[in-house]
Amino acid sequence: MNKTRSKTPKESIKKHFLLFMGPVLAAFIIGFVWPFIQGIYLSFCKFRLIKDAEFIGFSNYGKAFSDASFRYSFDYTAVFAVVSLVLINVLAFTVAYILTQNIKGSNLFRTVFFMPNLIGGIVLGYIWAMIFDGILSRYSTSILLETKYGFWGLIILMIWQQVGYMMIIYIAGLQAVPDDMIEAASIDGASRSQILFRITIPNVMPSITICSFLGLTNGFKLFDQNLALTGGQPFIIQSDGSAIKTTEMMALNIFNTFYGSNKSATGVAQAKAVLFFILVAGLGLLQLAYTRKREVQQ
Amino acid sequence: MKKKLLSVFLCAAMTMSLFAGCGGSGSAATGTDAGSTDASGDAEAVTETAASGEGSVYWLNFKPELDETIQELGKKYTETTGVPVKIVTAASGTYSQTLQSEMDKSEAPTLFVVGNAAGVKDWADYAIDLTGTKIADELSTDAYNLYDETGKLVSIGYCYECYGIIVNPDLIEKAGHSMDEIKNFEGLKTVAEDIHKNADTLGFDAFSSSDMDDSSSWRFTGHLANLEYFYEEKESGAKWEECPASLTGKYMENYKNLYDLIINNSLTDPKDLANGGHDAEAEFKEGKAAFFVNGSWEYAAVSGDVPNATMIPYYCGVAGEEKAGLNCGTENCWAVNANASEADQQATIDFMVWLVSDPDASKAMVEQLGIMPYKNAAESSNGFLNDAAKYTADGCYVMDWATNYQPNVDDYRAALVAALNQYNADQSDANWDLVKAAFVDGWATQYGLANAD
C-alpha cells in the first residue's frame, strides 16, 4: 500500500507533465526559440520589414566584421565586463561575509543592499546621470564629455545595482559552509584568514561560479543602463566626419545599427547579434568550465 | 552524479537566458512602443468594439504635441461615422524605431508619416501612390508633397510650419530696445548681448536654454543647421531635388555666429547643457528669457502667456539677410500603407479628407499645426505663420527646409550633438573643428552609408 502510494505522484507527473510544463514550454518556444531561429535566418538577409526579407548570404557578416565601431564596442565591452565582474564579486562577497558574522540588524542591511536591484535599468541610468552631473558640473564637465567618466560611471551604477543580488547568492553559499569544519580548523590553530581562504572560499566555489558567470554575461549584455546613462557619448569625431561612440557597448551598437542607418543595415545588425550570441555563450561556457574545476565536492 | 546532472541542467537553463540578449535586436522594438502607446488606450478600446468589416484607421503619429488633439478628433470621427480609429504617438525621437516595429505587425499602421527624403528612400515601397486620390484632390498646392524617383506620390503634406527665433517684444522694450533694431545679425547681437549683460537688473535673460538632450537638441542640429544648408542651396542657384552627396561648409561661420550668440547669452551656462533638464518653453512663457529658438507649433503653447510673441528669421551675418524670411516647410506628410487592405486604405483616405475639410476638425488641426494646404481647411490663426506670410509679402525670401535632406538623420545628428557638447564645455577652435567635421564631413560619410548597398 505504502509502496504504491509513493509511486503514484511520480507516475502522475509523468502522465501530466505536459499539462504543467506545456504553457511554459509554449511561451518559451514562441517568445524565445522561434525568434532566435528567425534571427539567425535574418542575419543572412536584407530587409526593411521582417516579412519581406531577401536572402543574400554571408555579406552581412563581412560588413559586421569590417565595422570599426563594432570592433571598438567589443573591446570596450570586454574591458567593462572584466572590471565589473571583479569589482562586483569582490564587493558582493565582502558584504555577504560581513553580514554572515552575526551583526545586529543584518537582515535590514541585506534588504537595503538588495533593493537597488528592483529598479529598472533605464530609470537607474537617468537617475545616475543626474547624480553624476550634479557632481561633475561643479568642475564644469559632464559625464557625457569624458570617456573615463562614462566608463567608471557605468561601473559604479552596475556595482550599486548588482552587489545586492550577488550578495544574496553568496550569503546562501556562506551559510552552507559546515560549522564543524570551521570549528575543527580553529581548534587546529588556523587563523581567521586561513579559515577564509582555505575553508570558506573553496566551499563557496559553487556560488562564485554562479556569480562570476552572471557577472560576466551581465557585463556583456548590458544595454538599458548604457543607453540611459551616456547613450554612447562622447563621440570621437574622425576626420571624415564619422563618429566612434566611445562608451557604446555591443548591445547598444547592435541596436543603433539596426535602427540608425540605411536599408541594408538591419541585416548587418542581425549578423552582429548572432556573433554577439556566439561570443557571450562561448565565453560563459568557458568560464563555467574553468571555475567548476575548482569546486569542492562535499 | 546526480549533482553533476543538476548542475548541467542549471547551466543549460542559464545559457538559455543568453538568447534574450541575442533576439534583442529583432524584438527590442516592442519595448520602444510601450512608452508611446500610453495615450492611446481609449482609441484601442474603440477598435475592439467596432465592426471590423468596413475598414479601420490606424495612424502612427510622430508629433507628441499633436497627440491630445488628434486623439479627440479620432474619437469624434468614430462617434459620427462608426469607423474605428486608433492613433498611436511615438515618443519624442523614437518615431523611426516605432514605425519599423509597427509596420511589421499584422495590424500595421494604415496611415503613417514620411516626412523627408530619407523617409521616402526607406518607405516608398510600403506607401500607395496618392496621385488622383480624394485627398490629393483636396490639396491647394503641390509644394509640400514628396515623390520618389519614379514619380510616385509617396506622401502628402498635411500642414506646413515655420521656425526661427521666437521673441517676446515686451521684454525687448523693457530692456530699452525696440524690435526695429533687429533687422540683421548685428542688430540681434547688440540687443541679445545687452540684455544678457544686464540680466541681473532686468530680471530676465536673452535666450532660453538650449539643452542638448533628445527632447531639445533637434532645435540646433536640425533647425538651426538649416541656415547653413539653405544658404548653400541658395548659392547653388537651384532648389535641392535630392540629397547632395557633400556640403561645402561655406556658411559654417554663420551657423557659429548664431549658435555662439544663443549659448553665450542665455539663462543657462553652456557647460550645463549636455544632459538637459531645463524647460526652455517655460522659461520663455514665464518671461525669464526674451528669445526662444523654436517653431510655429509653439504658438498655441506660448501665445497665452506672451500674446505679443513674434518670430524673426535666423539672422546669422549673411550678406543681404535683411531680406531673409522664416524657415518654412514641413515634415508632416501622410503616407498610406500599401499593404493595408483596400477597405482600410479607403477608410484612411476618408479620415484624412475629413481632417482637412470638416470645419471643426480642420480648425482643431490648424490650431495645433499651422496652415493646412487644403482648399477646404480652416484658416490658421497661428501668429507665427502670419509672421511668415508677412515676411513673404514684404518681399523677403523664404528659407526652405533643406534640413529635410540630412542623410541618415539620426546618426548624423547624434554625432553633431556629441561634437556640440564638447564645444559647449570648451569653446576652443579645436572643438569647433570637431563640430565642423561632424556637420560637413559627417554629411558626406552618412550620405555614403545611406546609399551603400
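Hi everyone, let's start with chain B: the centres of its domain 1 and domain 2, taken over C-alpha atoms, are separated by 30 Å. This is a predicted model, where local features need pLDDT of at least 70, side-chain atom pairs count only at pLDDT 80 or more, and totals for chains, interfaces and linings use all residues. Residues are numbered from 1 along each chain as its sequence is written, while chains are lettered from A and ligands numbered from 1 in the order in which they are written.

Where are the domain bounds? In chain B, domain 1 covers 33-160 + 331-375, and domain 2 covers 162-329 + 387-450; such bounds come from an automatic or database domain assignment.

Now the contact between them. On the domain 1 side of chain B, 13 residues are in contact with 16 residues of domain 2 of chain B, contact being C-beta atoms, placed from the backbone, within 7 Å. Which element gives the most to that side of domain 1? Helix 17 of chain B does, with three residues. (Helices are DSSP runs of H or I, at least four residues, numbered from the N terminus.)

Over to chain A, and one residue I'd like you to find. A:Ala64 sits in helix 2, residues 59-65. Is A:Ala64 buried or exposed? A:Ala64 is buried, because 23 other C-beta atoms lie within 10 Å; the cut-off for buried is 20 or more, with C-beta atoms placed from the backbone. Leaving out residues up to four places away in sequence, A:Ala64 touches A:Phe70, A:Val268, A:Ala271, A:Lys272 and A:Leu275. Take A:Ala271: 207 residues from A:Ala64 in sequence, yet 6.7 Å away in space, C-alpha to C-alpha. Thanks, everyone!

Conventions. Helix = DSSP H or I, 4+ residues; strand = E, 2+ residues; numbered from the N terminus. Buried ≥ 20, exposed ≤ 12 C-beta atoms within 10 Å, placed from the backbone. Contact = placed C-beta atoms within 7 Å.
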